[in-house]
Amino acid sequence: MTCTQYKCLNHLCHSRAVLRRLGLELHVLKRSIFKTASQSKQYNLNSVPSRCCQYGKLKGFRSTAGENNISGRKKHDHCYSRGLFLSTSSTQQHHTRGFSTEMPNGPPWRILFFGSDVFSVKILQALQENRSACGDTLVKTLDAVSTKGQNSVKSYAESVGVSVRDWPVPDLTGRYDVGVLASFGQLVPGKVIRMFPHGILNVHPSLLPRWRGASPLVHTILSRDQVTGVTIMRLRPKHFDIGTVLAQEKMSVPDGCTTTQLLDVTARQGSQLLLRTLETLPKIREKEQDKDGVTYAHKVRPAMAFVDWERQTTVDIHTQYRALSHMMPLRSEFDGHPVKLLDMPTVSEGDVADALVDAAPGTIVFDKRLKLLCVRCQNGWVGFENIVFKKKMSAQAFYNGYLSKVGDRKLFLESVKNGLDVESYMGGVLQRV
């Protein structure tokens with residue numbers, strides 16, 4: 001028996017689960033490893049290249065005085081950080097329950113995909129098309145993991161014959177080479193990440209470290225970024241989007257685009273960048289994210305859909321509509337009742353009667369020529385084709401039922417603070433919650 005068959009000295013010495021799988025008694029294994037390691041400097045632990053231990057949780061082990069306080073899961077991470085590995089071959093042996101397979105150093109890959117929404121589907125579709133292509137492919141096998149309940153990822157996967165598991169997943173060590181994650185929405189623990197010899201790659205639609213978190217596309221538009229992009233990063237546990245960067249690609253944000261339109265563009269770019277990354281994965285030199293320029297794309301809150309007519313400009317409201325309308329309509333209050341504002345075209349100052357230029361913010365008028373319900377904001381007018389007040393109705397119907405019956409008296413939509421003013425918004429995106 002030679003020590004080059006095994007990886008982690010601490011693990012092999014003290015993990016009874018591994019010993020049972022190898023069919024060796026504890027005292028025989030310890031004696032053999034230390035005897036072989038002492039015969040040659042070739043196996044000096046400090047000279048062995050780092051390899052990630054694939055065996056799972058470590059049991060307790062004898063440590064030096066400086067390591068006596070290390071326990072539990074930290075011992076497993078400690079094994080990786082100290083480079084206590086005995087394998088020096090270029091092809092590692094990946095041992096699992098019941099079978100052992102070689103960890104490949106290149107494509108085609110056995111991939112497990114994690115996702116839950118429309119952006120995820122577009123990435124999964126690119127992987128599926130690659131797997132189904134003729135000739136050399138990057139994807140050997142492809143399965144998916146998604147959250148419980150029906151969603152777009154499950155619908156697409158079922159339509160193309162991709163097997164889907166519900167989250168959380170059982171121990172799948174040895175069945176896949178690499179994981180791919182896109183807009184999954186769940187923190188993946190370290191024990192799941194370690195099931196994959198090449199880890200889990202995350203396709204994120206922003207130029208990290210800008211817009212870490214759940215809603216990068218929404219915040220890209222809300223902040224009126226001119227440049228965005230896609231990042232392929234290696235997943236780490238405990239926090240979202242903090243891992244090392246494998247690849248990044250910039251792009252310009254299309255003028256006047258909505259979140260849905262930006263999703264299509266970044267998903268297409270992200271799919272191409274992911275495939276190029278998978279092609280050269282073992283050779284890529286990773287880098288840590290910059291410590292400067294970190295912002296957080298927190299989940300969208302319902303309060304963000306309210307319009308503050310007194311403080312928001314026409315540009316502010318159009319930006320708010322482009323960022324949020326795919327998720328929720330803009331909102332206000334009329335006569336103490338909630339109102340939803342739908343279908344927002346661009347309205348110029350000249351489209352509304354000149355006599356109303358000095359109207360107070362929140363004033364509602366009906367433009368008969370444009371057939372729009374127009375509302376005064378801080379510096380101009382914005383218009384809507386439809387409104388939901390007790391029920392959905394057109395601007396014309398709202399005029400006939402309410403505005404036409406009050407004569408010269410003006411009706412108003414109430415201003416509601418939404419946290420999108422510069423001070424509140426920037427204070428929020430700079431804080432991790």
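This is a predicted model: local features need pLDDT of at least 70, side-chain atom pairs count only at pLDDT 80 or more; totals for chains, interfaces and linings use all residues.
User: What order do the strands of the open sheet come in, and what is the pairing?

Analyst: The order is β5-β4-β3-β6-β7-β9-β10, seven strands in an open sheet with mixed pairing.

User: Which are the edge strands?

Analyst: β5 (164–166) and β10 (245–252), each of which pairs on one side only. From one strand to the next, the twist averages 20°.

User: In what sense do β6 and β7 pair, and over how many bridges?

Analyst: Parallel, over three bridges; β6 covers residues 178–182 and β7 covers residues 200–204. In that pairing, G179 has I200 of β7 opposite.

User: Switching to helices. Which strands does α5 lie across?

Analyst: Helix α5 (residues 118–132) lies across β3 (109–115), β4 (139–146), β6 and β7, and runs at about 155° to β4.

User: And α9, which strands does that lie across?

Analyst: β3, β6, β7, β9 (227–234) and β10; α9 (residues 259–279) runs at about 145° to β10.

User: How do α5 and α9 pack, by angle and axes?

Analyst: At an angle of about 40°, with the axes 9 Å apart. That angle is why α5 counts as oblique to α9. The crossing is right-handed.

User: Which residues make the contact?

Analyst: On α5, they include F119, I123 and L127. On α9, they include L263, A267, L274 and L278.

User: How many residues of each class are in there?

Analyst: The contact of α5 with α9 has 10 nonpolar, four polar and two charged residues.

Note on methods. Residues are numbered from 1 along each chain as its sequence is written. Side-chain values use heavy atoms; hydrogens and water are left out. Two strands pair if DSSP finds at least two bridges between them. Helices (H or I, at least four residues) and strands (E, at least two) are DSSP runs, numbered from the N terminus. Axes are lines fitted to C-alpha atoms, for helices over the stretch in contact, and angles run from 0 to 180 degrees between N-to-C directions. Contact means heavy atoms within 4.5 Å. Angles under 35 degrees count as roughly parallel, over 145 as roughly antiparallel, 65 to 115 as roughly perpendicular and the rest as oblique. A crossing is left-handed if the near helix is turned anticlockwise from the far one by less than a right angle, and right-handed if clockwise. Ala, Val, Leu, Ile, Met, Phe, Trp, Tyr, Cys and Pro count as nonpolar, Asp, Glu, Lys and Arg as charged, and the others, Gly among them, as polar.
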